[in-house]
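Welcome, and please have your viewer ready with the selection tool at hand. We will go from stop to stop, with a word at each about what to select.

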Amino acid sequence: MPQAHDISDSRPPADNATVCEGLGLPSDSAVFVLPCGIRSVKDPLFLVNAFRELHQRRPKVWLLIVGPPLDQKCMTDLARAIQGVSDPSQDVVDHTEPPAAKKPKAEDPMKVTGSGVMYLPPVSHDKLLDLMTVSQGVLNSSEAEGMCLSLLEGMALKVPVVARAVPGNLELIRHRETGFLYSSARECIQYLEEVLSAREMVKTITDRATVYLKEHHSAETEFRVLAQALGDLVTES
């Protein structure tokens, strides 16, 4: 059954400068957002080194990884990669959960920042949508995927989606028609460079993605398919 998103067409626009400054980034930063739980199947490290290299050429470009640290080893490896730490004996930022009584602050050590890459702990859904709205693209780097909600939300927000070519993503995205599919980090960066430079092409793709979403992943479509399935069950019984 197709999964539906839940984003209102009347959602107020977010401001790039305000969002970036809230992250501690320059107001004119170009951010790509990778929403995911930090665990091996989501492979959050897959694009880190490539983005560090891209940042050297394009200092305004950042990768923002947002999500809960679900696997401690994966989180440690991600923090080391972001900070460019290769020596296991070297300390990295403390990314453990703060005590329940402690309110996270902007400088909380849970946020990990390196050259062109930032990890941000979980934020509210509204804030995540703001981050996605002002972003240059919503990314997915999973080794395996079902029906990725963040990609659906990116499409609904008219933001280009760039995803790893794995089952699930292959069913959701038509390459260069409703988004981009990549097999390697280098290939992903190539498409992101296109997204940054070919704005008319990007608008055409995001417009197609919006049409696809309304036809296949609206709440009405989900309800219709569910009603049909229930009707079939009643008929068979």
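Stop 1: Select helix α5 (residues 149-156) together with helix α8 (residues 199-216): they pack at an angle of about 115 degrees, with their axes 8 Å apart. Here the axes are lines fitted to C-alpha atoms, for helices over the stretch in contact, and angles run from 0 to 180 degrees between N-to-C directions. Helices (H or I, at least four residues) and strands (E, at least two) are DSSP runs, numbered from the N terminus.

Now show the side chains. Leu152, Met155 and Ala156 of α5 meet Ala209, Thr210, Tyr212 and Leu213 of α8, where contact means heavy atoms within 4.5 Å. By class, this contact of α5 with α8 has six nonpolar residues, one polar and no charged ones. Ala, Val, Leu, Ile, Met, Phe, Trp, Tyr, Cys and Pro count as nonpolar, Asp, Glu, Lys and Arg as charged, and the others, Gly among them, as polar.

**A note before moving on.** This is a predicted model, in which local features need pLDDT of at least 70 and side-chain atom pairs count only at pLDDT 80 or more, while totals for chains, interfaces and linings use all residues. Residues are numbered from 1 along each chain as its sequence is written, and side-chain values use heavy atoms, leaving out hydrogens and water.

**Stop 2: colour by confidence.** The mean pLDDT (the predictor's confidence in each residue, from 0 to 100) of the protein chain is 85, and 77% of its residues reach 70 or more. Next select residues 94-109, where the pLDDT is below 50; beyond near neighbours in sequence, this stretch has 17 contacts in the model. Where pLDDT is low, the predicted coordinates should not be read in detail.

Stop 3: Which residues of helix α2 (residues 48-57) are buried? Val48, Ala50, Phe51, Leu54 and His55 are, buried meaning under 20% relative accessible area, exposed over 50%, and partly exposed in between (1.4 Å probe, protein chains only). They lie on the same side of α2 because they cover an arc of only 155 degrees around the axis, taken from the directions from the helix axis to the C-beta atoms. On the other side of α2, select Asn49, Glu53, Gln56 and Arg57, which are exposed. Among the elements covering the buried residues are β1 (30-35), β2 (61-66) and α7 (185-197).

**Stop 4: Asp77.** Find Asp77 in helix α3. Asp77 counts as partly exposed because its relative accessibility is 29%.
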